[in-house]
Amino acid sequence: MIEWRRWAVPLGWLALLLAATLGMGQLDGLFRWIEADSRQVIYARADFLTLLGRHLLVVSVAAVLAILVGVGAAIAATRAWGRDFLPLVSQLASIGQTFPPVAVLALAVPVLGFGTLPIIVALFLYGLLPIVRNTLAGLEGIDPGVMEAARGMGMSGGQILHQVELPLAAPVILAGIRTSVTINIATAAIGATVGASNLGDPIISGIVNGNTAYVVQGALMIGLLAISVDSLFSRLPLTGSR
């Protein structure tokens with residue numbers, strides 16, 4: 001019963017997301033009230049389930065790449081042999097987020113072409129900073145006495161990293177991943193401007209055609225997805241939430 005209550009809120013948001021995905025077409029009357037003068041008020045160029053899947057795919061690929069590179073770079077920068085690169089790692093991660101995703105897309109499209117690849121690159125760069133910063137904070141925040149005790153027990157550097165540092169830093173690292181993924185769920189919508197079909201399609205189409213109903217549908221889906229994913233992260237044991 002306790003476990004069920006723990007997951008009740010995330011499951012509730014996921015149920016709302018699924019209901020909106022499968023039942024958007026049944027809300028014609030509601031959106032007709034928002035956009036009374038339009039002939040069509042429900043976005044129909046692609047079904048919302050397909051758009052949701054594409055959106056999740058792009059965000060997931062970018063998140064995996066950002067986690068691998070971000071956590072790896074932070075670990076390397078906190079080793080004795082990599083400490084000289086610590087400021088550089090932090091600065092490079094910060095630069096990745098200071099560039100607006102739209103600017104990254106504009107620079108990436110001539111090289112990578114239209115489609116999903118440019119938005120994956122943009123999301124990867126945009127999602128690095130929270131992961132790198134939190135990984136550095138988690139690793140550097142470990143009590144020196146704990147590290148000294150681990151070394152005193154004869155543990156190697158690799159053993160200390162995997163059995164002591166990463167488990168202790170995991171809640172902070174996960175919080176950075178949570179922030180990165182949640183932000184990128186919303187940011188991924190701009191991929192629709194370069195041919196990466198996702199939940200941003202209704203928003204861009206609505207802006208271009210002056211159809212507020214389309215914009216609301218895309219925003220509703222992205223909002224429900226972001227809340228659902230964030231709620232799932234909050235219930236993971238490492239976050240400490242109950």
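Which pattern does the protein follow, read along the sequence? In this predicted model, the order of elements is α-α-α-α-α-α-α-α-α-α. The protein has 10 helices and zero strands. Taken along the principal axes, its C-alpha atoms fill a box of roughly 75 × 55 × 20 Å.

**Helix 8 and helix 10**

Two packed helices are described by the angle between their axes and the distance between the axes. Helix 8 covers residues 157-187 and helix 10 covers residues 212-234. Their axes come within 9 Å and cross at roughly 170°. Angles over 145 degrees count as roughly antiparallel, and helix 8 and helix 10 are therefore roughly antiparallel to each other.

The contact between the two involves Leu 174, Ile 177, Arg 178, Val 181, Thr 182, Ile 185 and Ala 186 on the side of helix 8. Helix 10 contributes Ile 222, Leu 225, Ala 226, Val 229, Asp 230, Phe 233 and Ser 234. By residue type, this contact divides into 10 nonpolar, two polar and two charged residues.

**The largest pocket**

The largest pocket has a volume of about 160 Å³. Its lining is made up of Val 69, Gly 70, Ala 73, Val 89, Leu 92, Ala 93, Ile 95, Gly 96, Leu 125, Leu 128 and Val 132.

Which helix gives the largest share of the lining? Helix 4 does, with five residues. The lining divides into nine nonpolar residues, two polar residues and no charged residues.

**The ends of helix 7**

Helix 7 spans residues 144-152. At its start, a side-chain oxygen of Asp 143 reaches to within 2.9 Å of the backbone nitrogen of Gly 145. Just after helix 7, Gly 154 takes a positive phi of about 85°.

How values were computed:
Residues numbered from 1 in each chain as written. Predicted model: local features only at pLDDT ≥ 70, side-chain atom pairs only at ≥ 80, totals over all residues. Heavy atoms only, no water. Axes fitted to C-alpha atoms, helices over the stretch in contact; angles between N-to-C directions. Helix = DSSP H or I, 4+ residues; strand = E, 2+ residues; numbered from the N terminus. Parallel < 35°, antiparallel > 145°, perpendicular 65-115°, else oblique. Contact = heavy atoms within 4.5 Å. Nonpolar A, V, L, I, M, F, W, Y, C, P; charged D, E, K, R; others polar. 1 Å grid on protein atoms, 1.4 Å probe; cavity = no way out; pocket = protein on both sides within 12 Å on 5 of 7 lines; lining within 4 Å. Points joined across faces, edges and corners; volume = space filled by probe spheres on them. Polar contact = N/O pair within 3.5 Å; in protein donor to acceptor, adjacent residues only side chain to side chain.
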